[in-house]
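Subject: Handing over a structure, with notes

Dear colleague,

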Amino acid sequence: MEKILIVEDDREIARIICDHLRDCGYHVTWASTGKEGWEDFKVDHFDVVLVDLMLPEMDGFTLCKTIRLESDIPLLIVSAKHEDESKIHGLNLGADDYLTKPFSLEELQARINSHLRRYRRYLNKNENENIFSYLHGLIIDFDKKIVYLNEEEISLTGKEFELLFLLAKNPFQTFAKSELYEHIWKQEDVAGNNTVTVHIKSLRKKLADETKSAKFIQTVWGIGYRFIGEQIS
């Protein structure tokens, strides 16, 4: 039974969608705010996420961006916003589809089924392809959460692996320190907080990655960090 997460602040719309999808045989979880939806996503496994844009606590655009940094799961925006700008922005953030309200429940179900079929093919194709090798002896097994350097397993803390996972999954994308902190620690960053700096320093030490001649994690001065490891095909 596929599991669907619905993030929708309109209780009546959420009820109608949840009832229909449950009748279709899906297991459905409903979150009424963006923050609640993100928390649900982190603690459970879902096969599809439906996101409204106008959400309290965390808007739908931010939620889509945050989910896409973590997962390739089918992500569908369901919104009353009809403007092309909103559609383009949502799709550029990584959403796979965009439905404007009102829509038929049959169309919603058909789109969910279509994206699920594609996602299953993607998973089957990539079942054994989530292990990445880089120059200078780094290997990251993203499924088993194991990191090797020169054929020896490296012991990383949970936060160190989350940092490496996020950076390596988004190569050459610069992340601000505050962005890393809020994404990994799920708390608002405050001035003077050096938590990310401390963890990056420890991670670099374990990767034998010198700051001045970085092979994996590069400092973008005045901003944050990015992953520059060169993947071996």
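This is a predicted model: local features need pLDDT of at least 70, side-chain atom pairs count only at pLDDT 80 or more; totals for chains, interfaces and linings use all residues.

Residues are numbered from 1 along each chain as its sequence is written, and side-chain values use heavy atoms, with hydrogens and water left out.

The parallel sheet

Helices (H or I, at least four residues) and strands (E, at least two) are DSSP runs numbered from the N terminus, and two strands are said to pair if DSSP finds at least two bridges between them. In these terms, an open sheet of 5 strands runs in the order β2-β1-β3-β4-β5, with parallel pairing. Its edge strands, each of which pairs on one side only, are β2 (27-31) and β5 (97-100). On average, and with direction ignored, neighbouring strands of this sheet are turned by 20 degrees against each other, where axes are lines fitted to C-alpha atoms (for helices over the stretch in contact) and angles run from 0 to 180 degrees between N-to-C directions.

Within this sheet, 4 bridges link strand β1 (residues 3-7) in the parallel sense to strand β3 (residues 48-51), and L5 stands opposite V49 in β3. Helix α2 (residues 34-43) packs on the sheet, where it touches β1, β2 and β3, and its direction makes about 140 degrees with that of β2; contact here means heavy atoms within 4.5 Å.

Leaving aside residues up to four places away in sequence, K3 touches H27, D44, H45, F46, D47 and V48.

The antiparallel sheet and the hairpin

A second open sheet, of 4 strands, has the order β6-β7-β8-β9 with antiparallel pairing, and its edge strands are β6 (131-134) and β9 (152-154), each pairing on one side only. Here neighbouring strands are turned by 25 degrees against each other on average, direction ignored. Strand β7 (residues 138-141) runs antiparallel to β6 and is joined to it by 4 bridges, with Y134 standing opposite L138 in β7. Helix α6 (residues 158-169) lies across β6, β7 and β8 (146-149), at about 100 degrees to β7.

Elsewhere, strand β11 (residues 217-220) and strand β12 (residues 224-227) pair in the antiparallel sense over 4 bridges. T219 has Y225 in β12 as its bridge partner, and Q218 stands opposite R226 in β12. The hairpin of these strands has 3 residues between them, and G222 takes a positive phi near 85 degrees there. Strand β10 (residues 175-176) also pairs with β12, in the antiparallel sense over 2 bridges, and the bridge partner of A176 in β12 is G224.

Cavity and pocket

On a 1 Å grid over the protein atoms alone, a cavity is a set of points where a 1.4 Å probe fits but cannot get out, whereas a pocket is an open set with protein on both sides within 12 Å along at least five of seven lines, and lining residues have an atom within 4 Å of a point. Grid points are joined across faces, edges and corners, and a volume is the space filled by probe spheres set on the points.

The structure holds 1 cavity of 30 Å³ or more, and the largest cavity has a volume of about 40 Å³. Its lining is made up of I6, V7, E8, I17, L50, V51, D52 and V78, and the elements that give two or more residues to this lining are β1 and β3.

W38 and F41 both lie in helix α2, 3 residues apart, about one turn of the helix.

With kind regards
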